[in-house]
Every structure is written in C-alpha cells, then in structure tokens.
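Please look over the model shown below before reading on.

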Amino acid sequence: AKLWLDRADRALPENALVALRRGVYLERTGDWEGARAAFQRALALRESCVAAQIGLTELESRSTFSHWKTKLLRWFRGTRRHP
C-alpha cells in the first residue's frame, strides 16, 4: 500500500484524495505526525474535504498516553515467547 501511495503522490501531487488516503494509511500504521501532515495537505488542496477534517479531529483527540500505550503494547506482543 505504501508503494502505491508513494507512486500516486508523485503522479498526482495536487490530488486531495491521494493525500487523504495517505493520511488514513499513516494513521493506521501509527505514524500520527505523518497522518496529520497528510490530512492538512488534503485540506489545503480541498477545503471542503470533510474526511480530512474528521481525521484531524480524531488525531487531535488522541493523548500522548494512548500513543505510548499503543507502542508499548506492540513492542510487548512482539517480544513474548510462545512455549
């Protein structure tokens, strides 16, 4: 997905939908700063992009604690040894 989004972004740099999709992808992979930048770019390209506004609102409502909790849980799950 990342490769496709990189190619689409280079091919269509002025497309708000590509920026929006990139933001959704980055949010789901845990890159919240990248997602925030992508959502802001989508809004700059199309001010009426409601999905980007919602994405930014959700990112702003996340606390630092929940961000670190997610990272710690991912790390812990990756280090557990199964018998």
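What follows is a short account of this predicted model.

The protein contains 5 helices and 0 strands, and its elements follow one another from the N terminus as α-α-α-α-α. Among the contacts in the protein with a separation of 6 or more, 40% are accounted for by residues 24 or more positions apart. Of its 83 residues, 31% count as buried, while the protein exposes about 6300 Å², of which carbon and sulfur atoms supply 57%.

In soluble globular proteins, nonpolar side chains tend to be buried together. Here the largest nonpolar core has 12 residues, namely A19, L20, L26, W32, A35, F39, A42, L43, C49, A52, L56 and L59. Helices α2, α3 and α4, whose extents are tabulated below, each supply at least two residues of this core, and α3 gives the most, with 5 residues.

| Helix | Residue range |
|---|---|
| α2 | residues 16-28 |
| α3 | residues 32-45 |
| α4 | residues 50-61 |

Within the core, L43 may be taken as one member to follow in detail: once its neighbours within four places in sequence are left aside, L43 is in contact with C49, A52, Q53 and L56.

Technical notes: Residues numbered from 1 in each chain as written. Predicted model: local features only at pLDDT ≥ 70, side-chain atom pairs only at ≥ 80, totals over all residues. Heavy atoms only, no water. Helix = DSSP H or I, 4+ residues; strand = E, 2+ residues; numbered from the N terminus. Buried < 20%, exposed > 50% of the residue type's maximum accessible area, 1.4 Å probe, protein only. Contact = heavy atoms within 4.5 Å. Areas by Shrake-Rupley, 256 points an atom, 1.4 Å probe, with all protein chains shown as cover. Core = buried A, V, L, I, M, F, W, Y, C linked by side-chain atoms within 4.5 Å.
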